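Here's a short tour of one protein fold, one piece at a time. Keep the picture open and follow along.

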Amino acid sequence: MMIIKILGSGCKKCMALGENAKAAAAAAGQAAEIIKVTDYAEIARYGVMSTPALVINDKVVSTGKVLSSGEIQMLLTPAG
């Protein structure tokens with residue numbers, strides 16, 4: 001199962017990124033666990049300075065913006 005983490009304070013942008021990630025995983029046919037990380041110490045361990053951030057299987061793939069579900073879906077596919 002894929003692990004997708006949304007790093008951020010829980011703001012509107014973080015929630016939107018979480019919803020887009022959920023939709024992208026469903027559209028890609030991927031089983032994914034979506035975890036929201038709001039602890040600033042844990043966010044800092046990823047080296048993230050700008051939230052929201054998207055982490056797929058412990059790899060930071062986006063920071064500081066809300067990706068669309070289509071953009072996230074491309075990151076979830078093996079070619080992405």
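Skip the neighbours within four places in sequence, and Ser62 is in contact with Pro52, Ala53, Leu54 and Leu67, where contact means heavy atoms within 4.5 Å. You'll find Ser62 in strand 4, which covers residues 59-63. Helices (H or I, at least four residues) and strands (E, at least two) are DSSP runs here, numbered from the N terminus. Ser62 has 6% relative accessibility, so Ser62 counts as buried. The scale goes like this: buried is under 20% relative accessible area, exposed is over 50%, and partly exposed is in between, using a 1.4 Å probe and protein chains only.

A quick word on where this comes from: this is a predicted model, in which local features need pLDDT of at least 70 and side-chain atom pairs count only at pLDDT 80 or more, while totals for chains, interfaces and linings use all residues. Residues are numbered from 1 along each chain as its sequence is written, and side-chain values use heavy atoms, with hydrogens and water left out.

## The sheet

Two strands pair if DSSP finds at least two bridges between them.

In general, strands of a sheet pair through backbone hydrogen bonds, either parallel or antiparallel. Strand 1 shows you both. Strand 1 runs parallel to strand 2 (residues 32-37), with six bridges joining them, and Lys5 stands opposite Ile35 in strand 2. Strand 1 and strand 3 run antiparallel and are joined by four bridges, with Leu7 standing opposite Ala53 in strand 3.

## Helices on top

## The nonpolar cores

In soluble globular proteins, nonpolar side chains tend to be buried together. Here, the largest nonpolar core has 13 residues, and those with the most contacts inside it are Ile4, Ile6, Leu17, Ala21, Leu54, Ile72 and Leu76. Such a core is a set of buried Ala, Val, Leu, Ile, Met, Phe, Trp, Tyr and Cys residues joined through side-chain atoms within 4.5 Å. Strand 1 (2-7), helix 1 (12-28), strand 3 (53-56) and helix 3 (69-76) each supply at least two of its residues. Helix 1 gives the largest share, five residues. A second, separate core of six residues includes Leu7, Ile43, Val48 and Ala53.

Now zoom in on Leu17 in helix 1. Leu17 is buried, with a relative accessible area of 0%. Beyond its neighbours within four places in sequence, the contacts of Leu17 include Ile6, Pro52, Lys65 and Ile72.

## A salt bridge

Side chains of opposite charge can pair when their charged atoms come close. How many salt bridges are counted? One, taking a salt bridge as a side-chain nitrogen of Lys or Arg within 4 Å of a carboxyl oxygen of Asp or Glu. The partners are Asp58 and Lys5, at 3.8 Å, N to O. Asp58 lies in the loop between strand 3 and strand 4 and Lys5 in strand 1, so the pair ties together parts 53 residues apart in sequence. Asp58 is exposed at 55% relative accessibility, whereas Lys5 is buried, with a relative accessible area of 15%.
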